[in-house]
Amino acid sequence: MEPEFWQQIWQQNDIGFHRASEHPALVRYWPHLAEGMGGPVFVPLCGKSLDLAWLAGQGREVVGVELSALAVDSFFQENGLTPQTSAVDAFNQYRVDGLRIYQGDFFALSRRHLDGARLIYDRAALVAFPSDMRRRYAAHLDALFPGPARMLLVANSYPEGQMDGPPFSVTADEVERLYAGNWRIELLERRETIDEHPGLRKRGLDSFISEVFLLEK
Ligand SMILES: C[S@@+](CC[C@H](N)C(=O)[O-])C[C@H]1O[C@@H](n2cnc3c(N)ncnc32)[C@H](O)[C@@H]1O
């Protein structure tokens, strides 16, 4: 999706993906992600997710990136935080103790922005992109983490042709194609969740499979 698409989504507050509480898969699988690997957690395409605050609450530094200034402003405002802001390369950096968000384009990030993070939490980031951009996204993410790293990936798939994304349908086979070169992939959970998503049913879906993967390199 082009940046204008997302800017408009935020301006119109059309943010059905935003959750009013932390994601249950993050809470459930945080021990799998964190075990034996210290340091910051990187959250690509973070929106104004409450998962950022939840991760900070686990005592980890959190580094997010998000295109929309409206989303980033809302995150800090809604969580009662007053960030320091500064220009860093192509980004506006918003910073409070333990948490920083780079407002700008994920594809402009480089390793030096990540504070040595080795953990990644992707919820609704990979699936936010159409297929050609998913390949670019996965390649860039892989390049950002040249050494040992671990990622919790919360993705989804649904029957071909029933709905236009986002969210786009990303099958386990595709996760394999995108990442298997450099990452070991473990499927942690696979569940039918259409009953939890009446909005998606209205958009034409009769099935919405939520899948959670743990990837390690
Ligand atoms: C589906 S939302 C998911 C947000 C968040 N992960 C959550 O769970 O609520 C995708 C987010 O990615 C942001 N985004 C899209 N393209 C981006 C890019 N190239 N760089 C940074 N953020 C981007 C959008 O503005 C949007 O907030």
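Start with the helix H2 and what it packs on. The buried residues of H2 pack against H3, strand S6 (119-123), S7, S8 and S9. Helices (H or I, at least four residues) and strands (E, at least two) are DSSP runs, numbered from the N terminus. The model is predicted: local features need pLDDT of at least 70 and side-chain atom pairs count only at pLDDT 80 or more, while totals for chains, interfaces and linings use all residues. Residues are numbered from 1 along each chain as its sequence is written.

**Helix H2**

Select Ala 25, Leu 26, Trp 30 and Leu 33, the buried residues of H2. Viewed down the axis of H2, these residues fall within an arc of 135°, so they line one face of the helix. The arc is that of the directions from the helix axis to the C-beta atoms. Buried here means that 20 or more other C-beta atoms lie within 10 Å of a residue's own; exposed means 12 or fewer, and partly exposed is in between, with C-beta atoms placed from the backbone.

Now pick Leu 26, which sits in H2 (residues 24-34). Leu 26 has 22 other C-beta atoms within 10 Å and is therefore buried. Which residues does Leu 26 contact, leaving aside its neighbours within four places in sequence? They are Asp 51, Trp 54, Tyr 121, Arg 123 and Leu 152. Contact means C-beta atoms, placed from the backbone, within 7 Å. Draw a distance from Leu 26 to Val 154: the two are 128 residues apart in sequence, but 8.6 Å apart in space, C-alpha to C-alpha. After H2 comes Gly 36, with a positive phi near 75°.

**The sheet**

Show the strands next. Nine of them form an open sheet with mixed pairing, in the order S3-S4-S5-S2-S1-S6-S7-S9-S8. Strand S3 (84-88) and S8 are at the edges with a single partner strand each, so one side of each has no neighbour in the sheet. Neighbouring strands are turned by 20° against each other on average, direction ignored. Two strands pair if DSSP finds at least two bridges between them.

Select S7 (residues 150-157) and S9 (residues 209-216), which run antiparallel and are joined by eight bridges. Leu 152 has Leu 214 in S9 as its bridge partner. On to S8 (residues 184-192), which pairs with S9 in the antiparallel sense over eight bridges; there, Leu 187 is partnered by Phe 213. Helix H6 (residues 172-179) lies across S7, S8 and S9, at about 160° to S8. Axes are lines fitted to C-alpha atoms, for helices over the stretch in contact, and angles run from 0 to 180 degrees between N-to-C directions.

Elsewhere in the sheet, S2 (residues 62-66) and S5 (residues 99-103) run parallel, joined by five bridges. Val 62 stands opposite Leu 99 in S5.

**Helix H4**

Select H4 (residues 69-78), where Ala 71, Val 72 and Phe 75 are buried. Down the axis of H4 they fall within an arc of 95°, so they line one face of the helix. Their cover includes helix H1 (3-11), helix H3 (50-57), S2, strand S4 (91-96) and S5. Gln 77 and Glu 78 are exposed, on the face turned away from the buried side. Just after H4, Gly 80 takes a positive phi of about 65°.

**The ligand**

Finish at the ligand, surrounded by 20 residues, the closest being Trp 6, Leu 45, Gly 47, Leu 67 and Phe 106. A residue counts if its C-beta atom, placed from the backbone, lies within 6 Å.

Methods:
Contact = placed C-beta atoms within 7 Å.
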